[in-house]
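This report describes the arrangement of helices and strands in one protein model. The sequence and the structure are shown first.

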Amino acid sequence: MRVGTILAFVPNWLGDVAMCTPALRALHQTYPGAKLVVVGRPAACDLLNGLPWLHAAIPILDRPGVRRVLLLGQRLRRYAADIAVVFPHSFRAALIARLAGARRRLAYDRGGRAFLLTHAIPPHRENGRIQAVYMAREYLDLVSHLGCTDDGAGLELRAQPGVVEQVKRHLRGKGPLVGLAPGAAFGPSKRWPAESYAAVANALAERTGARCVVLTGPGEENLRDTIAAKAKTSPIQCDEGHPTVETLKATIAQLDLLICNDSGPRHVAVAFKVPTLCLMGPTLPCYTDSPYEVGRVLRADVECAGCHKSVCPEDHRCMTRIHPDQVVAAATQLLAKSTPRPAVQAVNP
């Protein structure tokens, strides 16, 4: 079958988008003559910007209403797509793929949307129950039904050369660069306290001479300001108070270590081969336990871990019982093992 255009509806969360890149690359490798067009939130399109095997990205609003869904489906018809791959478990995304008129529409059979698809793939199950798997594996398994195979290269992102140069001007100096990513778009249950991040920044600066870079997104200004107020040495900011996905990529690519919650920056770091120290609370590790990741995951041994609630209804002990001393010790070990950073993967000018 000759394939002219593939529409790929990518996930909503930045971490999931990063974990989707091996499957997107596999689509390109299997159908090298096809135009690969991604459809997703603006931030998702920005994250994928610069990947040499993507031909176009179409940003869409989060949760568009009926009128916008119809208009988007009509707009996508002009691509005359041969294949649409719907990575998120969204009914709306499958509906848009159907309205776009793609001849083959592939997604997991979830959420009552099988009638919108030509290829409804059974989700991973054990004993009749849907099982959690590493998201990159879930996405690769989906496109395997189109003949795609995993090349084993892992997650892939690119940073814009101009943004990289801007970021480097903020990062000049001596000492290892340690990123602190205290946010989590999923909800406060995933967030380790900002005061604890500040304590870690102070200890690492004293023990290792580390220079800490705070990475926060829109709406996380209070986390950034709390760390800055509690830190003895002002943390570096590369975004000048105006965070963008492009700046996030360019900054993470320069780091020697990222200390983070189980959120998007973690997977961006994996894509740039940056070691990570992930502080995990309500997430089941199997969703994000990556064979491509270098680093460690710290979790508190509490009975309610893995609840996947966005807001803790109790005392948030899955996160607050991770002590700053544990984080400092683990970070110091990882920095001692670190090797010189490879050249940043950037978009060709």
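Across which strands does H1 lie, and at about what angle does H1 run to S2?

## Basis of the model

This is a predicted model, in which local features need pLDDT of at least 70, side-chain atom pairs count only at pLDDT 80 or more, and totals for chains, interfaces and linings use all residues. Residues are numbered from 1 along each chain as its sequence is written, and side-chain values use heavy atoms, with hydrogens and water left out.

## Helices on the sheet

H1 lies across strand S1 (5–9), S2 and strand S4 (83–86), and runs at about 155° to S2. Helix H3 (residues 66–76) lies across S1, S2 and S3, at about 165° to S3. Helices (H or I, at least four residues) and strands (E, at least two) are DSSP runs, numbered from the N terminus. Axes are lines fitted to C-alpha atoms, for helices over the stretch in contact, and angles run from 0 to 180 degrees between N-to-C directions.

The open sheet itself has six strands in the order S3-S2-S1-S4-S5-S6, with parallel pairing; two strands pair if DSSP finds at least two bridges between them. Strand S3 (56–59) and strand S6 (119–121) are at the edges with a single partner strand each, so one side of each has no neighbour in the sheet. On average, neighbouring strands of this sheet are turned by 15° against each other, direction ignored. Strand S2 (residues 35–40) pairs with S3 in the parallel sense over four bridges, and Val39 has Ile58 in S3 as its bridge partner.

H6 and H9 pack at an angle of about 65°, with their axes 9 Å apart. Val163, Val164 and Val167 in H6 are in contact (heavy atoms within 4.5 Å) with Glu246, Thr247, Ala250 and Thr251 in H9.

## The H1–H10 pair

H1 and H10 pack with their axes 7 Å apart, at an angle of about 25°. The two helices are therefore roughly parallel (angles under 35 degrees). Leu14, Gly15, Ala18 and Met19 of H1 make the contact with Gly264, His267 and Val268 of H10.

How values were computed. Angles under 35 degrees count as roughly parallel, over 145 as roughly antiparallel, 65 to 115 as roughly perpendicular and the rest as oblique.
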